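Here is a short briefing on one protein chain. Look at the structure first, then read the points below.

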Amino acid sequence: MVWQTLWMYSKVFLVGGALCALGELLCLLTRLTPARILVAFIVAGVALSALGLYGPLVEFAGAGATVPLTGFGHSLCQGVIHSVQERGWIGAFCGGLTATAGGIAAAIFFGTLVALVCKPRMKG
């Protein structure tokens with residue numbers, strides 16, 4: 001039982017860490033801005049999910065694959081696929097937001113909370 005838990009945590013750490021390390025390498029070794037890297041990770045998650053390649057990674061690594069930005073892209077894609085199957089083509093416009101509404105709401109809530117608690121200042 002302990003070894004199964006240790007193995008699960010190891011998979012999560014290794015896969016999530018590899019995705020984060022890839023993002024860090026892109027920041028350090030290329031001239032890409034963080035915003036472009038963010039968009040690239042989300043688009044990569046959508047593309048890999050649409051091709052059926054990201055689902056097995058999620059099953060293998062759990063939160064190690066769903067928490068990084070590629071996991072957000074995967075959730076968007078799966079939400080659209082599910083909604084199109086249920087509602088038809090109109091589901092393509094609402095399925096992604098429905099699937100990721102919790103994460104979006106949490107980001108807005110915690111971003112507002114941090115903005116209220118911390119003193120904003122200009123960099124430089």
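Two residues are in contact when heavy atoms lie within 4.5 Å. By that rule, and with residues up to four places away in sequence left out, Ser49 touches Tyr54, His74, Cys77 and Gln78. This is a predicted model: local features need pLDDT of at least 70, side-chain atom pairs count only at pLDDT 80 or more, and totals for chains, interfaces and linings use all residues. Residues are numbered from 1 along each chain as its sequence is written, and side-chain values use heavy atoms, with hydrogens and water left out.

**Overall build**

- The protein chain has six helices and zero strands; helices (H or I, at least four residues) and strands (E, at least two) are DSSP runs, numbered from the N terminus.
- The order of elements from the N terminus is α-α-α-α-α-α.
- The C-alpha trace spans about 50 × 45 × 35 Å along its principal axes.
- Of the 124 residues, 22% count as buried; buried means under 20% relative accessible area, exposed over 50%, and partly exposed in between (1.4 Å probe, protein chains only).
- Among contacts with a separation of 6 or more, 54% join residues 24 or more positions apart.

**Helix α1**

- Helix α1 covers residues 2-29, which is 28 residues.
- At 1.5 Å a residue, α1 should span 40 Å, and its end C-alpha atoms are 39 Å apart, which agrees; the expected span is 1.5 Å times one less than the number of residues.
- Lys11, Val15, Gly16, Leu19 and Gly23 are buried in α1.
- The cover over the buried residues of α1 includes α2 (34-50), α3 (54-61), α4 (63-66) and α5 (69-87).

**Nonpolar core**

- A nonpolar core is a set of buried Ala, Val, Leu, Ile, Met, Phe, Trp, Tyr and Cys residues joined through side-chain atoms within 4.5 Å.
- The largest one has six residues: Val15, Leu19, Tyr54, Val58, Ala61 and Ala65.
- Two or more residues of this core come from each of α1 and α3.
- Helix α3 gives the most, with three residues.
- Val58 is in contact with Ala65, Thr66 and His74, leaving aside neighbours within four places in sequence.

- Ser49 sits in helix α2.
- Ser49 counts as buried because its relative accessibility is 5%.
- The C-alpha atoms of Ser49 and Leu76 are separated by 9.2 Å, while the two residues are 27 residues apart along the chain.
- Gly71 sits in helix α5.
- Gly71 is buried, with a relative accessible area of 1%.
- Gly71 touches Tyr54, Ala65 and Thr66, not counting residues up to four places away in sequence.
- Gly71 and Leu14 are 57 residues apart in sequence and 15 Å apart in space, C-alpha to C-alpha.

**Aromatic rings**

- Rings of Phe, Tyr and Trp (its six-membered ring) pair if their centres lie within 6.5 Å; planes under 30 degrees apart count as stacked, over 60 as edge-to-face and the rest as tilted.
- By this rule there are two aromatic pairs.
- Trp7 and Phe60 have ring centres 6.4 Å apart and planes at 75°, so the pair is edge-to-face.
- Trp7 lies in helix α1 and Phe60 in helix α3, so this pair ties together parts that are 53 residues apart in sequence.
- Phe60 is partly exposed, at a relative accessible area of 40%.
- Phe109 and Phe110 have ring centres 5.0 Å apart and planes at 75°, so this pair is also edge-to-face.
- Lys11 lies over the face of Phe60, 4.9 Å from the ring centre; a charge sits over a ring if NZ of Lys or CZ of Arg is within 6 Å of the ring centre and within 35 degrees of the ring normal.

**Cysteines**

- The structure holds zero disulfides; a disulfide is a pair of cysteine sulfur atoms within 2.5 Å.
- The closest cysteine sulfur to that of Cys20 is in Cys27, 11 Å away, which is too far for a bond.
- Cys27 is in no disulfide.
- With 35% relative accessibility, Cys27 counts as partly exposed.
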